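Let's take a walk through this protein together. Have the sequence and the 3D view open, and look up each residue as we come to it.

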Amino acid sequence: MQTNYQVSNTAESLALGTNKVLRNTYMLLGITMFPTVIGAVIGTGMNFAIAAQHPFMFGLGMLAVMFGLFFSIQANRNSSLGVVLLLLLTGFMGLMLGPILQVALHLRNGAQLIGLAAGGTGIIFLTLAGIATTTKKDFSFMGNFLMVGIILLIVASLANLFFQIPALQLALSGVAVLLFSGFILYDVSRIVNGGETNYVMATLAIYLDIYNLFVNLLQLLMALMGERD
């Protein structure tokens, strides 16, 4: 009888802990949208000529800043500094939306496409996060498949930098939308099932899923529905 009580008590404590992590993750995820939007607004008014002139060096510099912040966030994930660094990263990521937003806004229906991409991203996230939360199914089996998919996507994207095949870029964006949708299921499931207990790292993972989903969805919409002058 006492053993059953202890097991029940432990299960209840784990459930409460998981709910707290999930609640804090969603709250912090909502907060990260503010620096992202601010960064994006600033980015749309910036001159990214250096990115066009030296795309390789610009890309390396961006990756260096991103990974530097990733490691710093991980090192400080259990302190308030981790939250500050996460918000700094999301502001930087918003800034890096500048080039694609500038391209989109040069289309006649660019503003509508941005809104459609943002709305579509929100709907996909809410739907998949809802499935992972309510069913409580363990989607950890998707981990290896998703990692292989990301590696192949990166390799193909690097190859297309040299070949510049529009149809391939369109296909890669479509694959990326599917992959990052899968990552949303995977990452939310990890929280629900106790695989991720740190809300800062959980927020970072889901934020990157949403960010990449939005970017690739916008690229698809611009290619398929963009109205040029």
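**A walk through the helices**

At 15% relative accessibility, Phe-70 counts as buried, where buried means under 20% relative accessible area, exposed over 50% and partly exposed in between, with a 1.4 Å probe and protein chains only. Phe-67 is partly exposed, at 42%. Both residues lie in helix α3 (residues 55–75), three residues apart, about one turn of the helix. Helices here are DSSP runs of H or I with at least four residues, strands are runs of E with at least two, and both are numbered from the N terminus.

Before going further, a word on what you are viewing: this is a predicted model, in which local features need pLDDT of at least 70 and side-chain atom pairs count only at pLDDT 80 or more, while totals for chains, interfaces and linings use all residues. Residues are numbered from 1 along each chain as its sequence is written, and side-chain values use heavy atoms, with hydrogens and water left out.

Now for the aromatic rings. Six aromatic pairs turn up in a search of the whole structure. Rings of Phe, Tyr and Trp (its six-membered ring) pair if their centres lie within 6.5 Å; planes under 30 degrees apart count as stacked, over 60 as edge-to-face and the rest as tilted. The rings of Tyr-26 and Phe-125 are edge-to-face, because their planes stand at 85 degrees, with centres 6.2 Å apart. This pair links distant parts of the chain, as Tyr-26 is in helix α1 and Phe-125 in helix α6, 99 residues apart. Tyr-26 is partly exposed at 30% relative accessibility, whereas Phe-125 is buried at 10%. The pair of Phe-67 and Phe-70 is also edge-to-face, since the planes are at 85 degrees, and the ring centres are 5.4 Å apart. Elsewhere, ring pairs join Phe-180, Phe-183 and Tyr-186 into a cluster.

Let's move to helix α8 (residues 166–192), where you will find Ser-189. Is Ser-189 buried or exposed? Its relative accessible area is 1%, so Ser-189 is buried. A polar atom of its side chain lies 2.9 Å from the backbone nitrogen of Phe-139. Beyond its neighbours within four places in sequence, Ser-189 is in contact (heavy atoms within 4.5 Å) with Ala-132, Lys-137, Asp-138 and Phe-139.

Val-177 is in helix α8 as well, and is buried with a relative accessible area of 11%. Not counting residues up to four places away in sequence, Val-177 touches Leu-213, Asn-216, Leu-217 and Leu-220.

Our last stop is an open space. Rolling a probe the size of a water molecule over the atoms shows where empty space is left. The second largest pocket has a volume of about 470 Å³. Of the 20 residues lining this pocket, the closest to its centre are Met-33, Thr-36, Val-37, Ala-118 and Phe-214. (On a 1 Å grid over the protein atoms alone, a cavity is a set of points where a 1.4 Å probe fits but cannot get out, and a pocket is an open set with protein on both sides within 12 Å along at least five of seven lines; lining residues have an atom within 4 Å of a point. Grid points are joined across faces, edges and corners, and a volume is the space filled by probe spheres set on the points.) Helix α1 gives the most to the lining, with eight residues. By class, the lining has 15 nonpolar, five polar and no charged residues; Ala, Val, Leu, Ile, Met, Phe, Trp, Tyr, Cys and Pro count as nonpolar, Asp, Glu, Lys and Arg as charged, and the others, Gly among them, as polar.

Definitions and conventions
A polar contact is a pair of N or O atoms within 3.5 Å; within protein, one must be able to donate a hydrogen and the other to accept it, and residues adjacent in sequence count only if both atoms are side-chain atoms.
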